[in-house]
Amino acid sequence: MSVFLPRTPDEIAASWPAELDHFSASGSKMAVRCPEQWRQHYVLGLTEPPDSARLWGRADHHAIERNYLHKLDTYEDLPVGDVAELFAVNFDEEVSEAGGPREIKWKHVPVSDDRKAAAWTKDQGVKLVTMYREEVTPYFQPTQVEQEFSFDLPFLPVPVVGRIDLIVTDTSAFGPTPVKPGEQPARRIQDRKTSGSPPRKINPDWAWQAAVYQLVEELPFEWHFSVKPKEGKRKQIPKIVWGSNDFVQLPPTRAKTIRALEMVVASIGHYMTVYGPDQPWPPHGKYNPIWNGSACDYCGFRPTCFWW
């Protein structure tokens, strides 16, 4: 058997897309999920058409982030009405910046008219962000909000950058005791997802992105879910899913995460070398048995994707 010689740093740099001066943690999640989607977004610089799920998620993130920024120093949540208003105002701004209701793909909305769809989506989003503020935020005290990070790895010619949305403390296992100034309970990273149905397990790409964040902060990673209402034979009411150990990931072994990150970077270099920037890359979102096409349901590039 011939002796294997690993690629030199110069060879790695030569295969990396020249336009990219960093590798984002959120982008690495996309690269794992579907290299072709990553090529479209990061290599070609294309943006996915706006859809209601992204607008909803960004408005929800904005409202809860503002609440926790306020609580960071005051140890008090914003009034419920203020958080609801933050969501509503930001959602309207997102719709306007996207070009208005007609330019948005409205998903899982029980009305067909674009303006009515926008109004229905905003109304349901206000209900869910209100529920989250009432049911969840009183039990957590933020210690860091929107923490930016950057680190270098020897096999990557650009830094890995990202932002950890929220690190919190609680005084008991999801108990009702408010956190008081001066207390130092255990910390954890927290993330929220808006979902069309109650989740059954941690998605592989969520776990991957969490593992990259856990290279920076070796803390448990916990997911909360705002479950949207669903119309149909089995009408589903909005609800908040949180507090389950099924949605907590402990920090994995650092060596394994770094090795996996190296493999993701190597695969990008391989695709750049073999296919170049202008030919389609492998469609893991469609053919990988883990996803079985489900990842493509949430991809805005699907209408023009070579593989579809």
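Guide: One term before we start: a residue is buried when its relative accessible area is under 20%. Keep in mind that this is a predicted model.

Visitor: Is helix α3 mostly covered or mostly open, and how many of its residues are buried?
Guide: Helix α3 covers residues 35-43. Its buried residues are P35, E36, Q37, W38, R39, Q40 and V43. That makes α3 mostly covered, with a buried count of 7 of its 9 residues.

Visitor: What covers the buried residues of α3?
Guide: Look for heavy atoms within 4.5 Å. The cover includes one strand and several helices. Among them are β1 (23-24), α2 (25-33), α8 (254-274) and α9 (284-287).

Visitor: Which residue just after α3 takes a positive phi?
Guide: Step just past the end of α3. The phi there is about 75°. The residue is G45.

Visitor: How far apart are the end C-alpha atoms of α7, and what span should its 13 residues have?
Guide: Helix α7 runs over residues 204-216. At 1.5 Å a residue, its 13 residues should span 18 Å. The model agrees, because the end C-alpha atoms are 19 Å apart.

Visitor: At what angle do α5 and α6 pack, and how far apart are their axes?
Guide: Two packed helices are described by the angle between their axes and the distance between the axes. Here the partners are α5 (residues 80-97) and α6 (residues 114-135). Their crossing is right-handed. The angle is about 150°, and the axes are 9 Å apart.

Conventions: Residues numbered from 1 in each chain as written. Predicted model: local features only at pLDDT ≥ 70, side-chain atom pairs only at ≥ 80, totals over all residues. Heavy atoms only, no water. Axes fitted to C-alpha atoms, helices over the stretch in contact; angles between N-to-C directions. Helix = DSSP H or I, 4+ residues; strand = E, 2+ residues; numbered from the N terminus. Left-handed = near helix turned anticlockwise from the far one by under 90°. Expected span 1.5 Å × (residues − 1). Buried < 20%, exposed > 50% of the residue type's maximum accessible area, 1.4 Å probe, protein only.
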